[in-house]
Amino acid sequence: MKLVKSYASGNLSSSDIFETPAHGSWQARFELYANGLRVRTKESMEEMYPRLVRELSGDDWNTLGSDYLASDVKWPRNLNELGLELPEFMAANGSKECHIDLAKFERDLHLSFNAFDSKETLSLEEFGAIDENSHFEFQASMYLISSNWNLFSHLKDASNEWTKKSEFGVIYRLNFKVKYFSISKDEFNFLSVLKNRNSLGDSLNAAGPFDPEQLSGLLAKIFAIKVVTKIAAA
Amino acid sequence: MNAGGLSVGPPISMDMPLVNFTQSSNRAGLGFRPFYYKDIFGGKAQEVEFFEAITENYMDTGGRPLYYLEKMRAEKPVFLHGVSLNIGSTDELNQDYLRSQKRLIDRIEPEIVSDHLCWTGAHSKNFFDLYPLPFIRQSLDHCVERISRIQDFLGRRIAVENVSSYLLFKDNEMAEWEFIAEVAKGADCRILLDINNVYVNSVNHAFNPQEFIEYIPGDRVVQYHLAGHTDMGDFLFDTHDHPIVDPVWELFSFTMEQMGSRPTLIERDDKFPELEELLTELRYVKTLILHHTAQGNQLVVK
Ligand SMILES: [Fe+2]
């Protein structure tokens with residue numbers, strides 16, 4: 001990096017470090033290394049955040065990407081994970097809240113895809129054996145998301161203007177495909193508490209009054225997407 | 001681990017001979033790339049005799065990548081090829097990386113574990129490229145010491161690969177082939193000989209590639225790489241996105257005449273063609289290997 005920086009600022013000359021190549025200039029060859037880094041990091045970030053790239057103008061995205069890479073961000077050993085800290089960087093550097101939420105959503109899709117899941121899942125039939133003291137365990141690939149913006153309608157159609165509106169959802173992985181669906185605020189609160197290893201009874205209390213039909217509908221859905229791995233007594 | 005009828009021994013440990021291949025040195029393999037998962041698991045890659053996976057893509061990852069790697073490992077030998085071990089860097093060896101690498105090795109039991117003789121990052125940043133080292137005594141000792149520590153930690157020998165490069169340092173005290181041979185002897189490690197990289201460097205730095213091959217201690221070479229590159233006019237760029245060119249095929253034959261056949265991998269990392277196109281190249285690799293084996297050049301231990 002130091003070399004790249006000294007080169008960019010014109011403080012590096014061929015006589016300092018490199019042999020004059022047999023053909024062509026050393027600068028053309030040095031550019032290859034410098035360009036390679038730019039291209040690879042850009043491609044990796046764009047793979048993780050395709051929707052955010054479309055959302056921002058080319059210049060805004062390029063500036064955000066290069067500022068992020070120039071910051072103290074941890075560079076992972078896997079190039080595919082270079083962008084993992086982008087949402088926090090955006091939050092610390094005054095990006096729009098809706099864009100931060102979109103970035104968080106795209107990062108969760110990536111994390112869900114690569115999560116270490118348990119091979120065991122429970123079916124709806126085992127649901128009968130639980131009571132209010134039961135604790136649930138979920139697949140690592142299950143993520144709950146919340147936004148103060150119309151994230152899901154925007155995901156459905158990017159031409160929808162961003163507006164303030166609380167939206168919630170579940171990201172999950174089934175047969176190695178990552179999917180998502182939206183849920184209500186109560187359902188989000190209930191699942192968040194339950195996922196945090198609290199009992200079914202406590203989770204229901206935390207979510208406020210919960211229509212029993214709505215609860216059984218939600219649980220049926222949760223079992224159908226095979227995210228429950230274990231149910232244990234208190 | 002069941003390897004689908006192919007003969008795969010236990011993982012090679014430190015006290016085993018450097019080269020222990022018999023008929024297995026005649027194998028031809030491909031990189032295990034997501035682009036080809038569908039074809040591979042659809043039964044279209046039966047003739048591929050081993051796969052080489054990029055270590056870092058499976059180290060901290062569950063989900064589909066690891067699922068497919070384990071599925072493949074149940075069928076065929078898998079080699080693990082790293083790109084971020086950062087052997088030549090001045091940064092401390094990354095213990096976290098090594099622990100994670102060892103976990104993957106324990107899980108997959110690869111026949112060969114390799115990485116590159118270069119540096120890939122500094123100041124705790126990984127730049128995802130293979131940067132050239134100065135071929136001087138100081139960096140030689142540095143690499144020897146680090147490879148020894150890596151092997152001690154992993155409890156097995158690793159293979160180091162020669163990289164393509166576009167620049168040479170003014171301070172170089174020896175040729176690249178001398179540097180590689182000395183590092184391998186000093187660290188008592190193996191060599192993954194990338195024949196395309198030898199050729200690319202021979203053009204970029206104007207040397208005779210055969211001289212390079214002749215100098216390499218064959219008894220330490222456990223695998224060959226073949227790949228395509230891009231002609232930039234003034235120099236060659238190692239892009240792994242083209243078919244293998246004639247001079248590289250010729251150098252491959254020359255190498256086998258010198259030190260015998262080894263498991264040989266075709267590297268393709270970009271502009272992925274239909275699998276059938278790679279299989280055609282693979283069949284040619286196999287033909288050349290068998291031709292050399294028939295001539296009694298199977299394995300020469302110097
Ligand atoms: Fe290679």
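Let me start with A:Phe138, which sits in strand S1 of chain A, residues 135-138, where strands (E, at least two residues) and helices (H or I, at least four) are DSSP runs numbered from the N terminus. A:Phe138 is buried, with a relative accessible area of 13%; buried here means under 20% relative accessible area, exposed means over 50%, and partly exposed lies in between, with a 1.4 Å probe and protein chains only. Between the C-alpha atoms of A:Phe138 and A:Pro212, which are 74 residues apart along the chain, the separation is 22 Å.

Before going on, a word on what we are looking at. This is a predicted model, in which local features need pLDDT of at least 70 and side-chain atom pairs count only at pLDDT 80 or more, while totals for chains, interfaces and linings use all residues. Residues are numbered from 1 along each chain as its sequence is written, chains are lettered from A and ligands numbered from 1 in the order in which they are written, and side-chain values use heavy atoms, with hydrogens and water left out.

Chain A is divided into domain 1, residues 1-95, and domain 2, residues 116-234, the bounds coming from an automatic or database domain assignment. The centres of these two domains, taken over C-alpha atoms, are 38 Å apart.

Helix H5 of chain A covers residues 58-70, and at 1.5 Å a residue its 13 residues should span 18 Å, which agrees with the 18 Å between its end C-alpha atoms; the expected span is 1.5 Å times one less than the number of residues. Its buried residues are A:Trp61, A:Leu64, A:Gly65, A:Tyr68 and A:Leu69. Seen down the axis of H5(A), these buried residues fall within an arc of 125°, so they line one face of the helix, the arc being that of the directions from the helix axis to the C-beta atoms. On the other side of H5(A), A:Asp59 and A:Ala70 are exposed.

Turning to the strands of chain A, S2 (residues 143-149) and S3 (residues 164-174) pair in the antiparallel sense over six bridges, pairing being assigned if DSSP finds at least two bridges between two strands. Within this pair, A:Tyr143 has A:Ile171 of S3(A) as its bridge partner. S3(A) also runs antiparallel to S4 (residues 177-183) of chain A, and seven bridges join them. S3(A) and S4(A) form a hairpin with two residues between them, and A:Asn175 in the turn has a positive phi of about 50°.

Now to chain B: which residues coordinate the iron ion? They are B:Glu161 (OE), B:Asp194 (OD), B:His225 (ND1) and B:Glu267 (OE), at 1.9 to 2.3 Å. Donors are N, O and S atoms within 2.8 Å of the metal (3.2 Å for Na, K and Ca), and water is not among the atoms, so sites may look incomplete. B:Glu161 in strand S7 (residues 159-161) and B:Glu267 in strand S12 (residues 264-267) of chain B are 106 residues apart, and this pair links distant parts of the chain. Both B:Glu161 and B:Glu267 are buried.

Finally, B:His240 has a phi near 55°, a positive value in a residue other than glycine. B:His240 is found in the loop between strand S11 (236-237) and helix H9 (246-259) of chain B, and it is buried, with a relative accessible area of 11%.
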